[in-house]
Amino acid sequence: VTGWLEIGGDGETLAGGELTLPLVALRSSNLIEDREIRRYLDTQRHPTVRCVCEPADLERTGHAARGDVDGAFHFHGRAYAATAAATAHIGDGTLMADARVELRLTELGLKQPRRLFLVVEDEVEVVLRVIAQAADG
């Protein structure tokens, strides 16, 4: 994962951010599933997802902050608006953040995966966990 997040000096404002996630790095404990998910997501032609965060006000309690963050993610050459429920822990120059967003596969231009008689739900929850160090300067 590469990118940046900018937190205001008060720790209650997300000034913005951008993260690029390599889809080819997705791993499970099953090599067959890994190959299938890379094929399903077409990682040969679209190896990354880029997430852009808009500025947001966060509710801060001690070293923790939480709030809804609007933004967009760029997937398969298109931008999709999304709102993520975010939680962050800030301290000693380190940011640990979790963001959860619900997406519909069909809205992303993907077909619902099917395996024999199993059909995966159209709505999926994506969870992103980031640990970042403060930039020098």
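Buried means under 20% relative accessible area, exposed means over 50%, and partly exposed is what falls in between (1.4 Å probe, protein chains only).

**Ground rules.** I'm working with a predicted model, where local features need pLDDT of at least 70 and side-chain atom pairs count only at pLDDT 80 or more, while totals for chains, interfaces and linings use all residues. Residues are numbered from 1 along each chain as its sequence is written, and side-chain values use heavy atoms, with hydrogens and water left out.

**Overview.** My working terms: helices (H or I, at least four residues) and strands (E, at least two) are DSSP runs, numbered from the N terminus. Along the sequence I read β-β-α-β-β-β-β-β-β-β-β-β. I then boxed the C-alpha atoms along the principal axes and noted roughly 50 × 25 × 25 Å. Of the 137 residues, 26% count as buried.

**Helix α1.** I went to the start of α1 (residues 31-40), where a side-chain oxygen of asparagine 30 comes within 2.8 Å of the backbone nitrogen of isoleucine 32. After α1 I found aspartate 42, with a positive phi near 55°. Inside α1, arginine 39 and glutamate 36 sit three residues apart, about one turn of the helix. An α-helix has 3.6 residues a turn, so residues three or four places apart point the same way. The side chains of arginine 39 and glutamate 36 form a salt bridge at 2.3 Å, N to O. I checked accessibility too: arginine 39 is exposed at 56%, while glutamate 36 is partly exposed at 30%.

**Salt bridges.** How many salt bridges does the structure hold? I noted seven, taking a salt bridge as a side-chain nitrogen of Lys or Arg within 4 Å of a carboxyl oxygen of Asp or Glu.

Next I looked at arginine 50 and glutamate 18, whose side chains meet at 3.5 Å, N to O. Arginine 50 belongs to strand β3 (residues 48-53) and glutamate 18 to strand β2 (residues 13-22), so this pair ties together parts 32 residues apart in sequence. Arginine 50 is partly exposed, at 29% relative accessible area, and glutamate 18 is partly exposed at 26%.

Then came arginine 104 and aspartate 122, which pair up at 3.7 Å, N to O. This one links distant parts of the chain: arginine 104 is in strand β8 (residues 94-104) and aspartate 122 is in the loop between β10 (118-119) and β11 (123-133), 18 residues apart.

**Charge on the surface.** I found a patch of negative charge made by Asp10, Glu12, Asp57 and Glu59. For the record, such patches take residues with over 30% relative accessible area and no salt bridge, and join like charges within 9 Å. I picked out glutamate 59, which lies in strand β5 (residues 59-61) and is exposed at 57%.

**Proline 113.** I ended in the loop between β8 and β9 (114-115), where proline 113 lies. Proline 113 is partly exposed, at 26% relative accessibility. From proline 113 to valine 124 I noted 11 residues in sequence and 12 Å in space, C-alpha to C-alpha.

Key
Patch = residues over 30% accessible without salt bridge, like charges linked within 9 Å, V, L, I, M, F, W, Y side chains within 5 Å. Areas by Shrake-Rupley, 256 points an atom, 1.4 Å probe, with all protein chains shown as cover. Lys, Arg positive; Asp, Glu negative; His and termini not counted. Charge placed at Lys NZ, Arg CZ, Asp CG, Glu CD. Polar contact = N/O pair within 3.5 Å; in protein donor to acceptor, adjacent residues only side chain to side chain.
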